[in-house]
Amino acid sequence: MRTSRETAGAAFSAAALATGLAVSLVAAAVLAVALTLVGHFSRLSDPWLARGGFYAGLLAPLAGGLAAGRAADRLGWLHGGLAGAVYVLLAVLVDTLAGGGVARLPLLRELVLGMGLGAAGGMLGVAL
């Protein structure tokens, strides 16, 4: 059980947010490479690879939220949710600059999904 001295102090940790964002970006990169290798060495069709990319994209803010919650050790929903939102904004920015956006969800829906998954990961991170 935490004492009042351990829970006192600043409520928000920018370092925890940065940790969560870094983990999200690394997770997305690792999952993208893995999916690329699966696509190259298998005979999966494009719809299956696109579906795999969608689900891999859901894991990145979840992993980042978990890392942010663990790093903050308090307010996991806040740290994880913000890490998920910033990750989504960066992913949309990179996709837009790369000329993508073929079948994108509306930005608000993506933000809500990223924040929700990040917040869930953050709460789990604090609990672990």
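Start in the loop between α3 and α4 and select Leu75. At 31% relative accessibility, Leu75 counts as partly exposed. Buried means under 20% relative accessible area, exposed means over 50%, and partly exposed lies in between, with a 1.4 Å probe and protein chains only. Phi of Leu75 is near 50 degrees, a positive value in a residue other than glycine.

Before moving on, some ground rules. This is a predicted model, in which local features need pLDDT of at least 70 and side-chain atom pairs count only at pLDDT 80 or more, while totals for chains, interfaces and linings use all residues. Residues are numbered from 1 along each chain as its sequence is written, and side-chain values use heavy atoms, with hydrogens and water left out.

Now select Asp73. It lies in the loop between α3 and α4. Asp73 is partly exposed, with a relative accessible area of 38%.

**The whole chain**

Zoom out and colour by secondary structure. The protein has 5 helices and 0 strands. From the N terminus, the elements run α-α-α-α-α. Helices (H or I, at least four residues) and strands (E, at least two) are DSSP runs, numbered from the N terminus. Buried residues make up 28% of the 128 residues. Take the contacts with a separation of 6 or more: residues 24 or more positions apart account for 79% of them. Contact means heavy atoms within 4.5 Å.

**α3 against α5**

Select residues 46–72, helix α3, and residues 107–127, helix α5. Their axes come within 6 Å and cross at roughly 40 degrees. Axes are lines fitted to C-alpha atoms, for helices over the stretch in contact, and angles run from 0 to 180 degrees between N-to-C directions. α3 and α5 are therefore oblique to each other. Angles under 35 degrees count as roughly parallel, over 145 as roughly antiparallel, 65 to 115 as roughly perpendicular, and the rest as oblique.

α3 passes α5 in a right-handed crossing. A crossing is right-handed if the near helix is turned clockwise from the far one by less than a right angle, and left-handed if anticlockwise. Show the contact residues, among them Leu58, Pro61 and Arg70 of α3 and Leu113, Leu117 and Val126 of α5. They divide into 9 nonpolar, 7 polar and 1 charged. Ala, Val, Leu, Ile, Met, Phe, Trp, Tyr, Cys and Pro count as nonpolar, Asp, Glu, Lys and Arg as charged, and the others, Gly among them, as polar.

Next, pick Gly121 in α5. Is Gly121 buried or exposed? At 1% relative accessibility, Gly121 counts as buried. Leaving aside neighbours within four places in sequence, Gly121 is in contact with Leu62, Gly65 and Leu66. Draw a C-alpha to C-alpha distance to Pro61: Gly121 and Pro61 are 7.8 Å apart in space and 60 residues apart in sequence.

**α4 against α5**

α4 passes α5 in a right-handed crossing. Contact residues include Trp77 and Leu89 of α4, and Glu110 and Met115 of α5. This contact divides into 11 nonpolar, 7 polar and 1 charged.

**Last stop: the core**

Select Leu21, Ala27, Ala60, Ala85, Tyr87, Val88, Val92 and Leu111, the largest nonpolar core, with 8 residues. α2 (14–41) and α4 (76–97) each give two or more residues to this core. Which element gives the most? That is α4, with 4 residues. A nonpolar core is a set of buried Ala, Val, Leu, Ile, Met, Phe, Trp, Tyr and Cys residues joined through side-chain atoms within 4.5 Å.
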